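Here is a short briefing on a structure. Look through the sequence and the model first, then read the points below.

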Amino acid sequence: MKNLLPAMAFLLAAPMAQACETFTSGDISVQQAWSRASIGTGRPAVLYLEITNSGAMDDALLGLTTPAASMPMLHETTVTDGVAAMPHAASIPVPAGQTVALSPGGFHGMLMGLTAPLVEGEKFPITLTFEKAGALDVSVDILSMRAQEAACDDAK
Amino acid sequence: MRRRQIILSLAGVAGASAFMLGLGAWKTRNRAVPNPLLPLPLTSMDWRLTNHVGQEVTPADLRGRPAMVFFGFTYCPDVCPTTLLDIADWLEALGSDADRLTVALITVDPERDTPDVLADYISNFDPRIIGLTGSMGETACAAADFRISFDKMPTVDGDYTINHTAGVFLFYANGRFASIIDFHEDRRFAVPKLRRILA
Ligand SMILES: [Cu+2]
């Protein structure tokens, strides 16, 4: 029940589908950045987004920082012999001309040490670091705990 | 982009082949020897756990209705919400037939996932999902019966996460093991597998 009120307030405050915001630095653009509402700050949260490299040179995502978490990290969910693990990803390749997704069950940002609960309908900033494109500030939409993909208009 | 539905990982292929080989061995042996890769039938299991409202649950309680059982933990940020949301979608796709299923999440993190914590967490997904927890020993016993593995891994923030078997196990109403829905399996195969245990 306690999750219902903020959710309703959000429904009243904003239409469900809004245009996807795109954040660009050089040849790299990031869109559909989203996370899920958290229960308190004890559990790690996730971060999903899409990165498009419109240039002719390969790039790579090397890491992220955010005021929302003291220990943010890139992870990749892997399944070996049926056993799921999520090792640290030292870098996520973003080849020239391609779009790479951080999405459920694959690459993700892992936000450990949340500094405040993530509240549905709110946003938080992150700074991504790319090998070639450098730093890129992105705003992340906090969706419901039941979200499975980005909620903006051109989300696939 | 829903990458995990598109990519059939090598691990998944290897797992599926091992599974099919295992199934062949199982059949030719005419059930004489339990297969080390597959869960025991519920009728041969021996665990004792506590559900999210504090009641004791044994394998006998899961018989009489088709059952879907999976392992996870509430501090799991990616795999477990993904599985829970998939399951909520499958239950919705099954319509009222889903009410005839027992759906159970067994936590591999009994230290943090007390009955109250489980109750609070699963209330965010589907009210038909029951949460099961126990002591470390009781959890290990259930894990052995289902032939699953779980392994506590320290994280950089001084906390821990748990590697664990991510498949969803399906059982017929008589307790016989039916099939596994793998984590990266195409969801189009999941609902037919569920219909088979409901038939
Ligand atoms: Cu992770």
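Two strands pair if DSSP finds at least two bridges between them. Strands (E, at least two residues) and helices (H or I, at least four residues) are DSSP runs, numbered from the N terminus. This is a predicted model, in which local features need pLDDT of at least 70 and side-chain atom pairs count only at pLDDT 80 or more, while totals for chains, interfaces and linings use all residues. Residues are numbered from 1 along each chain as its sequence is written, chains are lettered from A and ligands numbered from 1 in the order in which they are written, and side-chain values use heavy atoms, with hydrogens and water left out.

**A strand pair between the chains**
- β7(A) is joined to strand β7 (residues 160-165) of chain B by 2 bridges, and the two run antiparallel.
- A:A84 stands opposite B:H164 in β7(B).

**The interface**
- In chain A, 40 residues are in contact (heavy atoms within 4.5 Å) with 36 residues of chain B.
- About 3100 Å² is buried between chain A and chain B, and carbon and sulfur atoms give 55% of this. Buried area is the accessible area (1.4 Å probe) that two parts lose on being put together, summed over both.
- A:R43, A:R146 and A:Q148 supply 20% of the area that chain A buries against chain B, more than any other three residues.
- The rule finds 10 residue pairs in polar contact across the interface, both residues at pLDDT 80 or more. A polar contact is a pair of N or O atoms within 3.5 Å; within protein, one must be able to donate a hydrogen and the other to accept it, and residues adjacent in sequence count only if both atoms are side-chain atoms.
- β10(A) gives the most to the side of chain A that touches chain B, with 5 residues.

**The sheet in chain B**
- In chain B, 7 strands form an open sheet with mixed pairing, in the order β2-β1-β5-β4-β3-β8-β9.
- β2 (56-57) and β9 (177-181) of chain B stand at the edges, each with a single partner strand, so one side of each has no neighbour in the sheet.
- Strand β3 (residues 67-72) and strand β8 (residues 168-171) of chain B run antiparallel, joined by 4 bridges.
- B:A67 stands opposite B:F171 in β8(B).
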